[in-house]
Amino acid sequence: MRLKLVSLLIVLSGLSACSTTEKQLNTAENQSGQAELGLSQLTDAQSMYQTALLRQGADKIQLLYTARDAAINEERWELLEKICLELESTPSVDQIQNKLYIALALEQQGKSDLALAQLQQLEPQLTQPEHQAWHKYLTARVYASQGMPKLAMPFYFAASTLSSENNFTVANLNKDLWQSLTQLSSYALERFNRGSVVQQGWVNLALYHQVYLGAPVELHQAMNNWLRRYPGHPAAEVLPKKVTELVQIEPLEVNRLVVLIPQSGANERLGDALKAGVLAALDNRAITETLFIDESLPAEEIALKLSEFKADFVIGPLLKSNIEKLNTAQTLVDYPVMHLNSFDGERISQQHFFFALNPEHEVQQALERFLTAGYQKPMLLAPNNNNGQRLVEYFNTQWQRYSEVKPQIGFYSDKSDMPKTITGLLEVDQSKERINVVKSLFKQEVESETRSRSDIDVIYILGDATETRLIKPYLDVNVSTFADRIPLYASSKSHSKQIDRTDKGDLDGLYFTELPWMLEGQIQQHNLRQQYDSLWPEHADINQRLFAMAFDATSMLGEVKQLSMVQGKRFTGISGDLSIASNGYVTRSLDWAQYKNKQIIAVDLPTEQPIPLFMQSASRYNSAD
């Protein structure tokens, strides 16, 4: 990190060369003035800044310049901002460069909205290529910091092209550009494979990276071809090291696998489902030996078994309490591990990964679908328990990143509470009160029909299968016939293969997310599904989902290294489209399905990553050159 900041300091300081005023300050006379100030005795940015405030004229400016550079070197971003604001009051300062420093300080402090506003104000004033390149680079960093690599890439490419064509360096640009580029899928990369030669060079390098990662000979040949095709490309100077690193990434070889699952107690049936999934996946893998261990055993006993077995990889445990137990005891620290749950503690090894059927993945997917479809006023219905409150809070927090309109929230405690909750949210009860008032004013019978509120444009149900089947009819009868039908969405909790055998009609029109394994029309492993159904026709839904998770956890072992190093790489599993985030967590993208005419059909619902609220006014910049 310190080397990164030194590099950043060198190049940002180089921007000073763009200002003739600042050049004039770098004279022998000023250098003599620095000696008189005793700068050698000022060892940190804060003391330089405090001393500068007591000075006047050129002495003050030069000392502020030195303090500014020191603040970057020390990662004192708040102090850097103060120094730059002090320099703003000096007419002789290159104000464009100084404002770029302020944008850097704001971005590094996590104030992305303020950084972007600063960069937008600067955009019309940019004339020098160095300023333009740094403006593009810092804008890209803002988008990248929000987890939006697709929107960041045009700015990164523009900065790289400017610096290459004008023969100067932007510190850390290549590294940051590459980091965002490798988060894109191959499909997204192909869409960027156009524009300048510099841009195409970056994109093709990333494509080679994805296609040949894990195949050392092919990758080395592809990289050599890339060097011949793009001589002098800005990535070339770091490529030799990158080639060495990539060639060394070979598929993980697992001969001796250990699986930690519940094999006793209340969760034994869940362990049986996981074991079945692992064994099914092993039919297609060349793993010599597999050892199943009860995860409820003491940590010392598990450690001894792992050592005696000489495990190459560990899958499990399932229960969070057992993950914490083994984490505290450092039992698994020396082994690559795919935990079968999330974990609230610290990740103790870069070889440790976490695979959970996390409902937040589905909530995020639904939220992104709503924003893509242009829905503005969602209504959420959830059980009034810890899980329901947690998911609603997650949705609400994420939604407010993208919209100023607050979603309507309704919690129900039980079956009898549902009608009151729904009619209250839709304001049907108020409509009925108005009707009663009108009827009381007339002796003759008055024809009437209740009206529901018209601003709700989508409803998201977070209840289980039984609750959803009770809620849906209430919604059908309480939405006004004068209004357009409100789209209804739900999570996979609403879907039950067992209940669906006899009851699909009440859910007609409902969209929901689900594992491909649970959708007959989406599963590609038809033989596997038939075998499963013949062996366990009465298996509960949770068992089926755990089977799919264990099957995928085992099937993806050979690609774990590549998936963890290339954010854009995907694994198509029976539990969803899987990838591994930089924190080691497996993320899932599920399929969309709909109840229609008493059948379940697969539907393609376009979903795009939404733009945060503070960036939406800047959307016109997305077409940056």
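Colleague: Where is the place of L357 in the chain?
Modeller: L357 sits in the loop between β5 (352-354) and α19 (359-373), where helices (H or I, at least four residues) and strands (E, at least two) are DSSP runs numbered from the N terminus. This is a predicted model, in which local features need pLDDT of at least 70 and side-chain atom pairs count only at pLDDT 80 or more, while totals for chains, interfaces and linings use all residues. Residues are numbered from 1 along each chain as its sequence is written, and side-chain values use heavy atoms, with hydrogens and water left out.

Colleague: Which residues does L357 touch, not counting those up to four places away in sequence?
Modeller: Leaving out residues up to four places away in sequence, L357 touches R545, L546, M549 and R588, a contact being heavy atoms within 4.5 Å. For R588, which is 231 residues apart from L357 along the chain, the C-alpha atoms of the two are separated by 8.3 Å.

Colleague: And what is the relative accessible area of L357?
Modeller: L357 has a relative accessible area of 24%, so it is partly exposed; buried means under 20%, exposed over 50% and partly exposed in between, with a 1.4 Å probe and protein chains only.

Colleague: New topic, then: at what angle do α8 and α9 cross?
Modeller: The axes of helix α8 (residues 112-122) and helix α9 (residues 129-145) cross at roughly 155 degrees and come within 10 Å, and the two are therefore roughly antiparallel to each other. The crossing of α8 past α9 is left-handed, which is the case if the near helix is turned anticlockwise from the far one by less than a right angle, clockwise being right-handed.

Colleague: Which residues of α8 and α9 make the contact?
Modeller: On the α8 side they are S112, A115, L116, L119, Q120 and L122, and on the α9 side H135, L138, T139, V142, Y143 and S145. This contact divides into 7 nonpolar, 5 polar and no charged residues.

Colleague: How many residues of α9 are buried?
Modeller: In α9, 12 of its 17 residues are buried, and the helix is mostly covered; among them are W134, L138 and Y143.

Colleague: What sort of peptide bond joins G316 and P317?
Modeller: G316 and P317 are joined by a cis peptide bond, with omega about 0 degrees, and P317 lies in the loop between β3 (313-315) and α18 (320-328). Both residues are touched by H339, along with I323, L332, H352, F353, F354 and F355, not counting residues up to four places away in sequence. H339 belongs to strand β4 (residues 337-339) and is buried, with a relative accessible area of 4%.

Colleague: And what about the phi of N167 and where that residue is found?
Modeller: Most residues other than glycine have a negative phi, and most peptide bonds are trans. N167, although not a glycine, has a positive phi of about 60 degrees, and it is found in the loop between α10 and α11 (173-181). N167 is exposed, with a relative accessible area of 72%. N597 also has a positive phi, near 55 degrees; N597 lies in the loop between β14 (591-596) and β15 (599-603) and is exposed, with a relative accessible area of 59%.

Technical notes
Axes are lines fitted to C-alpha atoms, for helices over the stretch in contact, and angles run from 0 to 180 degrees between N-to-C directions. Angles under 35 degrees count as roughly parallel, over 145 as roughly antiparallel, 65 to 115 as roughly perpendicular and the rest as oblique. Ala, Val, Leu, Ile, Met, Phe, Trp, Tyr, Cys and Pro count as nonpolar, Asp, Glu, Lys and Arg as charged, and the others, Gly among them, as polar.
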